[in-house]
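The sequence and structure come next.

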Amino acid sequence: MKKKTNLGNRLLIGIVFFFLYAPILLLIFFSFNDANSSVIWQGFSLRWYTKLFQNQLIIQSVYNTLLVSALATIIATIVGTFSAIGLYSMRRKFRNPLMTVNSIPMMNADIVTGVAMCLFFVAVLGGWNYLAANYRFTVNLFGAVYRITFPQLSLGFGTLLIAHITFNIPYVILSVSPKLRQMDKNLVDAAQDLGCTWVQAFFKVILPEIMPGIVSGALIAFTMSVDDFVISYFTAGSATSTLAMQIYSMTKKGVTPEINAVSTILFVVVLVLLIIVNVREIRAEKAAAKRVY
């Protein structure tokens, strides 16, 4: 009876993984197809990858995606790390409600977050543009009169970057917080008793202890930024386009093997990042187990 149950469980798991990854494997397979068709195989070829890297729109969208993801990851990691430390130092009755609020952006639907941030940016930029259009300042400096005007702003790279930073911070906080709880509270006090300032204690004691959580949070943030479409679609405006947005615009003209090539590269990048995160977590757990014993 037990063997039949194990066999049934394995069969069920196999079916689930088949439906999850069969479409992706089919997409990767036809990205190397020599024909224009995404259904009929006519031989192995790298022509669609060659066309992909000759497409300036895609190259620009890849550049925008990597730049936004890198900047958002760096800023969100710094802000999220210090926020996690601040939350850790709070009393539980204050920390628990704030941690609940921190979890809302991750559980909230992307479409709701995207629309809300779009409306917020439109309201703020509209107010700024109204002031810029109606108010000008003159400055008399050493007898010379300078007229100061403020530029008109619109949705673009700046709003896209702010949106990515906003939804990445909660992931960093949740990655760093467990490492802070695992850390011995007496280490900082011991470092300060030995003459370290709080800044020295942070860089020499706290930071090495929570570094695995910081790296995991940064990798997750980068992955989320690269993979995001809905929030980027509502906050990027018409002048800026990410890779996910470019893929979406390409699908309107019909799915071609060039899209398969883009999707394959994107899937491989995300897969590599996830493998790095998991490997680091496994190594961190083994290192912690060795220290215990």
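## Cover over helix 4

What covers the buried residues of helix 4 includes helix 3 (56-89) and helix 6 (157-182). The model is a predicted one.

Helix 4 runs over residues 92-107, 16 residues in total, and spans 22 Å from its first C-alpha to its last, close to the 22 Å expected at 1.5 Å a residue. Met99, Asn102 and Ser103 are buried in helix 4. Because these residues cover an arc of only 100 degrees around the axis, they sit on the same side of helix 4. Lys93 and Val101, on the other side of helix 4, are exposed.

## Tyr88

Tyr88 is part of helix 3. Its relative accessibility is 23%, so Tyr88 counts as partly exposed.

Leaving aside neighbours within four places in sequence, Tyr88 contacts Arg95, Leu180, Arg181, Met183 and Lys185. Between Tyr88 and Pro178 there are 9.7 Å in space, C-alpha to C-alpha, although the two are 90 residues apart in sequence.

## Nonpolar cores

The largest nonpolar core has 24 residues, of which Ile85, Ile173, Val176, Leu180, Ile206 and Ile210 touch the most other members. At least two residues of this core come from each of helix 3, helix 6, helix 7 (186-193) and helix 8 (198-227). Helix 8 gives the most, with eight residues.

Not counting residues up to four places away in sequence, Ile206 touches Ile85, Leu180, Met183, Val188 and Ala201. A second, separate core has 16 residues, among them Ile58, Phe222, Leu243 and Val277.

Terms used. Residues are numbered from 1 along each chain as its sequence is written. This is a predicted model: local features need pLDDT of at least 70, side-chain atom pairs count only at pLDDT 80 or more; totals for chains, interfaces and linings use all residues. Side-chain values use heavy atoms; hydrogens and water are left out. Helices (H or I, at least four residues) and strands (E, at least two) are DSSP runs, numbered from the N terminus. The expected span of a helix is 1.5 Å times one less than its number of residues. Buried means under 20% relative accessible area, exposed over 50%, partly exposed in between (1.4 Å probe, protein chains only). The arc is that of the directions from the helix axis to the C-beta atoms. Contact means heavy atoms within 4.5 Å. A nonpolar core is a set of buried Ala, Val, Leu, Ile, Met, Phe, Trp, Tyr and Cys residues joined through side-chain atoms within 4.5 Å.
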